[in-house]
Amino acid sequence: MAVLVWLLIPVAGAVVAGLWSAWATRRRVNHRGVRDKAGVRGYEAFRAAMERAPADG
C-alpha cells in the first residue's frame, strides 16, 4: 500500500502540472470574447519607442 502512495505523488504532480499548463497558456479574452487590442497596441508602441531610442556605444 505504501508503494501505491509513493506512486501517486508523481502522478498527482503530473496532473497538477498539466492543469497549470492549460491555465497558463489559455487565450485571454475580454468580456465580449475578443482579444485585448489595447495590450497589443501598447506593445507595438513600446517596440516603436525602442527602435527610435539611440544606441549606447
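## Guided tour of the predicted model

A search of the whole structure finds 1 salt bridge (a side-chain nitrogen of Lys or Arg within 4 Å of a carboxyl oxygen of Asp or Glu). This is a predicted model, in which local features need pLDDT of at least 70, side-chain atom pairs count only at pLDDT 80 or more, and totals for chains, interfaces and linings use all residues. Residues are numbered from 1 along each chain as its sequence is written, and side-chain values use heavy atoms, with hydrogens and water left out.

**Select Glu51 and Arg47.** These residues form a salt bridge, with their closest N and O atoms 4.0 Å apart. Because Glu51 and Arg47 are 4 residues apart in helix α2 (residues 37-52), about one helical turn separates them. Glu51 is exposed, at 61% relative accessible area, whereas Arg47 is partly exposed, at 44% (buried is under 20%, exposed over 50%, partly exposed in between; 1.4 Å probe, protein chains only).

**Select Met1, Val3, Leu4 and Leu7.** Together they form a nonpolar surface patch with about 490 Å² of accessible area. Such a patch joins nonpolar side chains (Val, Leu, Ile, Met, Phe, Trp, Tyr) within 5 Å, from residues with over 30% relative accessible area and no salt bridge. Met1 lies in the segment before α1 (2-24) and is exposed, at 78% relative accessible area.

**Display the whole chain.** The secondary structure comprises 2 helices and 0 strands, taken as DSSP runs (helices H or I, at least four residues; strands E, at least two). Buried residues make up 0% of the 57 residues. The chain exposes about 5,600 Å², of which carbon and sulfur atoms supply 67% (Shrake-Rupley method, 1.4 Å probe).

Conventions
Patch = residues over 30% accessible without salt bridge, like charges linked within 9 Å, V, L, I, M, F, W, Y side chains within 5 Å.
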